[in-house]
Amino acid sequence: MNSSIILVVNAGSSSLKFSVFRVDDAGNLQLVVRGQMDGIGTRPCLKARNSTGTMLVESDFTISEVATVGDAISLVGTWLRERLQHESLLAVGHRVVHGGTQFSSPVLINTEIHTMLEQLIPLAPLHQPHNLAAIRAIREKQPQVPQVACFDTAFHRAHPQIADLYALPWEYYESGVRRYGFHGLSYEYITTMLPKIAPKIADGRVIVAHLGNGASLCALQAGKSVDSTMGFSPLDGVPMGTRPGALDPGVLLHLTNQCGLSSAELEKLLYQESGLLGLSGISNDMRILLESHESRAELAVEYFVHYTVKQIGALAAVLGGVDGMVFTAGIGEHSPVIRERILQACAWLGVSIDAAANVRGGPCISSADSRVSVWVIPTNEELMIARHTLALINHGKGGGQVE
Ligand code: ADP
């Protein structure tokens, strides 16, 4: 008998990540395949694994075979169809970086919605076009398959207006210069896990640290975002692999007016050359920096810890105290050393760490007498997208919620 699957797509400028989830009779989602096409337009390579981690494919392609996101979608689609012949595709869920002020929840895509998403390209010019290219490519090939857009910004839309503002003349706010916040699908997933893993703090004041190559923190009050460290773009807040985090805007004026950087050079500097990579001069990868004995590698790690701790302090102030903390994403999930260094600096908040539990990876890594309970919870943005997609298809909420 045919079973139904949901495809989740996360399209970037040079890579296309995808996951397939099978929907069982009870409506539960089981991961079947996870993979990615890297090196689109440069050195295309398709890799995919099954749910137990067994490699299913590892193939190189030529640039002419995979020059664009659309080509990558075609190739991945062909590979998946051959592999999953007896499954029927229910819907495709996309990670879309920007939902602007209009979208505070996922939305079923139609022509009108697609146009609205295109109008948001100026807010996320480096990411949104690739997300939309994937949607368009699937629409052209399989127009009958429902597609759902799930936004990185949506989870934060309900934050208080004070967290949405910059102290600029009001017309800029009206024109969309706002603190949108990102990593919303990750934070939302964590809020769905808290009642199961850490029920005592699920309704309380929680700071979630999503520390990956991209990194941000979110202050949750009863599972809702009240503030976060990224703002108008994913550049603000804590330092990241190649992005600087918070930067005095005067530095940007200096770089353009005095140093003569063009806007393209500035963009490259801020998105690709700064952060851990820029400071260390060695790597954007925390693992490499932690193994290095170079003084600038050590300084980069210290900077990361210092400014993450500083932002935790700021969010703790916004929340008026903290009941729990959660670490997630690459560094948050896998680096006991970084967690320990951050948590030791948070002792003033009432955090006491259980060293052995931290080394084991939790889930609870605070000691029994800690005033703040601390958790390691692996994020799963793909599953969050699949859940949203299934819910929209089941409830037929065509058009979704548009404010
Ligand atoms: P992205 O933001 O690209 O989704 P991830 O959440 O996958 O990133 O995190 C990737 C980062 O996690 C890597 O760049 C690496 O620095 C870090 N990382 C992964 N494993 C470890 C580890 N064991 N120790 C320290 N850092 C790690």
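**Close-up views of a predicted model**

**View 1. The whole protein and its surface.** The protein exposes about 18500 Å², and 52% of that area is supplied by carbon and sulfur atoms. Keep in mind that this is a predicted model. Counting up the secondary structure gives 15 helices and 13 strands. Along the principal axes, the C-alpha trace spans about 55 × 55 × 45 Å. How does the radius of gyration fit with a compact globule? For 403 residues such a globule would come out near 22 Å, and the protein has 21 Å, so the two agree.

**View 2. Inside the fold.** Step below the surface and you'll find that buried residues make up 51% of the 403 residues. Take the contacts with a separation of 6 or more: 62% of them are between residues 24 or more positions apart. As for charge, there are 30 positive and 37 negative charges, and their mean positions lie 4 Å apart.

**View 3. The largest nonpolar core.** In soluble globular proteins, nonpolar side chains tend to be buried together. Here the largest nonpolar core has 40 residues. Which of them touch the most other members? Those are L211, M325, F327 and I342. Several elements give two or more residues to this core: the strands β9 (205-211), β10 (215-221), β12 (324-328) and β13 (373-376), plus the helices α10 (286-291), α11 (295-319) and α13 (336-344). Of these, α11 hands over the largest share, ten residues.

**View 4. Zooming in on I342.** What does I342 touch once its neighbours within four places in sequence are left aside? The list runs to L211, V305, T308, V309, I312 and F327. Two of those partners, L211 and F327, turned up in the previous view, where they are listed with I342 among the residues touching the most other core members.

**View 5. A second core.** There's also a separate nonpolar core of 31 residues. Among its members are V8, L29, I377 and A386.

View 6. Is G278 buried, exposed or partly exposed? Its relative accessibility is 37%, so it counts as partly exposed. Leaving out residues up to four places away in sequence, G278 touches E273 and R296. Look for T242 here too: G278 and T242 sit 36 residues apart in sequence, while their C-alpha atoms are 6.8 Å apart in space.

Note on methods:
Residues numbered from 1 in each chain as written. Predicted model: local features only at pLDDT ≥ 70, side-chain atom pairs only at ≥ 80, totals over all residues. Heavy atoms only, no water. Core = buried A, V, L, I, M, F, W, Y, C linked by side-chain atoms within 4.5 Å. Buried < 20%, exposed > 50% of the residue type's maximum accessible area, 1.4 Å probe, protein only. Helix = DSSP H or I, 4+ residues; strand = E, 2+ residues; numbered from the N terminus. Contact = heavy atoms within 4.5 Å. Rg over C-alpha atoms; globule rule 2.2 N^0.38 Å. Areas by Shrake-Rupley, 256 points an atom, 1.4 Å probe, with all protein chains shown as cover. Lys, Arg positive; Asp, Glu negative; His and termini not counted. Charge placed at Lys NZ, Arg CZ, Asp CG, Glu CD.
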